[in-house]
Amino acid sequence: MKITVKATQIKLPDSDLRGLVSVSFGKDILIRSITLRKGKDDNLFVSFPSIKCGNSYKEVCNPINKEFRQKLTDAIMESYH
C-alpha cells in the first residue's frame, strides 16, 4: 500500500506548532490533524491526533508498533523539510 504524506509548515509566534500533516494510505484511508511541534530541546516531534481525557491527552490514531512509528515519522519529517 502506498503511503502519501503532505506536510505544511506553520510559523506562529509564541506557539510550538510547526506543521500540519495529512497521511493517506493508498486510496483507502486519510488521517489528518497530525502535527509537528517544537519540543523543549528545540527538536521537532510528531504528535498524532488526540483528545483530552481529564488532565491528560489520549491518541485516537497512532502506529501500533515502534518500527512503523519510525517509518511514518521519517516520512513526515522528509515531507516537512
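Reply: The buried residues of α1 pack against β1, β2, β3 and β4. The model is a predicted one. The residues concerned are Leu 72, Thr 73, Ile 76, Met 77 and Tyr 80, each of them buried in α1. Their directions from the axis cover an arc of only 135°, so they sit on the same side of α1. Glu 67, Lys 71 and Glu 78 are on the other side of the helix and are exposed.

Thr 73, in helix α1, has a relative accessibility of 18%; it counts as buried because the cut-off is under 20%. A polar atom of the Thr 73 side chain lies 2.8 Å from the backbone oxygen of Arg 69.

At the N-terminal end, α1 is capped by Asn 65, with a side-chain oxygen 3.3 Å from the backbone nitrogen of Glu 67. The length of the helix can be checked as well. With 15 residues at 1.5 Å a residue, α1 should span 21 Å, and its end C-alpha atoms are 21 Å apart, so the two values agree.

Now the sheet. Four strands make up an open sheet, ordered β1-β2-β3-β4, with antiparallel pairing. The edges are taken by β1 (3–9) and β4 (44–47); each has a single partner strand, so one side of each has no neighbour in the sheet. From one strand to the next, the twist averages 25°. Helix α1, residues 66–80, packs on this sheet and touches β1, β2, β3 and β4, and its direction makes about 50° with that of β1.

Within the sheet, strand β2 (residues 17–25) and strand β3 (residues 29–38) run antiparallel and are joined by seven bridges. Val 21 stands opposite Ile 34 in β3. In general, strands of a sheet pair through backbone hydrogen bonds, either parallel or antiparallel.

Leaving aside neighbours within four places in sequence, Gly 19 is in contact with Thr 8, Gln 9, Ile 10, Ile 34, Thr 35, Leu 36 and Tyr 80. Arg 32 is 13 residues from Gly 19 along the chain, and the C-alpha atoms of the two are separated by 12 Å.

Methods:
Residues are numbered from 1 along each chain as its sequence is written. This is a predicted model: local features need pLDDT of at least 70, side-chain atom pairs count only at pLDDT 80 or more; totals for chains, interfaces and linings use all residues. Side-chain values use heavy atoms; hydrogens and water are left out. Two strands pair if DSSP finds at least two bridges between them. Helices (H or I, at least four residues) and strands (E, at least two) are DSSP runs, numbered from the N terminus. Axes are lines fitted to C-alpha atoms, for helices over the stretch in contact, and angles run from 0 to 180 degrees between N-to-C directions. Contact means heavy atoms within 4.5 Å. Buried means under 20% relative accessible area, exposed over 50%, partly exposed in between (1.4 Å probe, protein chains only). A polar contact is a pair of N or O atoms within 3.5 Å; within protein, one must be able to donate a hydrogen and the other to accept it, and residues adjacent in sequence count only if both atoms are side-chain atoms. The expected span of a helix is 1.5 Å times one less than its number of residues. The arc is that of the directions from the helix axis to the C-beta atoms.
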